[in-house]
Amino acid sequence: MYIYNVTINIDNSVHDEWLKWIKEHIPQVLATGKFSEARFTKVLVEEEMGGQTYSIQFRSYSRAALDAFYKEDDEKLQIEGLQKFADKMLAFRTELEIIDVYSVNFK
């Protein structure tokens with residue numbers, strides 16, 4: 001299984017507008033059918049560049065589903081954010097491969 005991770009630093013001047021937008025954008029990404037879930041998290045490290053940083057982790061069904069996302073959906077989904085927030089948003093993407101999952105059950 002794979003995780004498509006998007007890390008975004010957003011300028012404080014557009015933070016509230018962006019936060020509203022991203023909460024609508026995440027379901028659009030999930031609607032592509034290429035991911036089973038998304039986790040939206042705030043990065044708790046203060047950035048030298050200012051602003052606030054978030055990470056969105058989309059869990060892909062498979063390598064093939066992730067590749068299909070890149071081919072069919074990724075570019076058009078990125079355009080709106082780039083147009084809307086331009087130089088007020090810095091984003092980078094990484095892929096993670098899940099090797100093992102561990103959990104604990106305390107009784």
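How accessible is glutamate 72: buried, partly exposed or exposed? Select glutamate 72 to find out: this residue is partly exposed, with a relative accessible area of 47%. Buried here means under 20% relative accessible area, exposed means over 50%, and partly exposed lies in between, with a 1.4 Å probe and protein chains only.

Some ground rules come before the next selection. The model is predicted, so local features need pLDDT of at least 70 and side-chain atom pairs count only at pLDDT 80 or more, while totals for chains, interfaces and linings use all residues. Residues are numbered from 1 along each chain as its sequence is written, and side-chain values use heavy atoms, with hydrogens and water left out.

**Whole chain**

Helices (H or I, at least four residues) and strands (E, at least two) are DSSP runs, numbered from the N terminus. The C-alpha trace spans about 40 × 40 × 20 Å along its principal axes. Of the 107 residues in the protein, 33% are buried. Among contacts (heavy atoms within 4.5 Å) between residues at least 6 apart in sequence, 75% join residues at least 24 apart.

Two strands are taken as paired if DSSP finds at least two bridges between them.

Go through the pairs in turn:

- Strand 2 and strand 3 pair in the antiparallel sense over 7 bridges; alanine 38 stands opposite phenylalanine 58 in strand 3.
- Strand 1 and strand 3 run antiparallel and are joined by 9 bridges; the bridge partner of isoleucine 3 in strand 3 is arginine 59.
- Strand 1 (residues 2–10) and strand 4 also run antiparallel, joined by 9 bridges; tyrosine 4 stands opposite glutamate 95 in strand 4.

**Helix 1 against helix 3**

Two packed helices are described by the angle between their axes and the distance between the axes. The axes of helix 1 and helix 3 (residues 74–85) come within 11 Å and cross at roughly 170°. Axes are lines fitted to C-alpha atoms, for helices over the stretch in contact, and angles run from 0 to 180 degrees between N-to-C directions. Helix 1 and helix 3 are therefore roughly antiparallel to each other; angles under 35 degrees count as roughly parallel, over 145 as roughly antiparallel, 65 to 115 as roughly perpendicular and the rest as oblique.

Show side chains at the contact. Helix 1 contributes Glu17, Trp18, Trp21, His25, Gln28 and Val29, and helix 3 contributes Leu77, Glu80, Gly81, Lys84 and Phe85. By class, the contact has 5 nonpolar, 3 polar and 3 charged residues. Nonpolar covers Ala, Val, Leu, Ile, Met, Phe, Trp, Tyr, Cys and Pro, charged covers Asp, Glu, Lys and Arg, and the others, Gly among them, are polar.

**Salt bridges**

Bring the whole chain back. The structure holds 8 salt bridges, each a side-chain nitrogen of Lys or Arg within 4 Å of a carboxyl oxygen of Asp or Glu.

Lysine 34 is buried, with a relative accessible area of 10%.

Next select arginine 59 and glutamate 37, whose side chains meet in a salt bridge at 3.7 Å, N to O. Arginine 59 lies in strand 3 (residues 52–60) and glutamate 37 in strand 2, so the pair ties together parts 22 residues apart in sequence. Arginine 59 is partly exposed at 25% relative accessible area, and glutamate 37 is partly exposed at 29%.

Last, select arginine 63 and glutamate 95, which meet in a salt bridge at 2.7 Å, N to O. Arginine 63 is in helix 2 and glutamate 95 in strand 4 (residues 89–97), 32 residues apart. To finish, select Lys34, Glu72, Asp73 and Lys76: salt bridges that share partners join them into one network.
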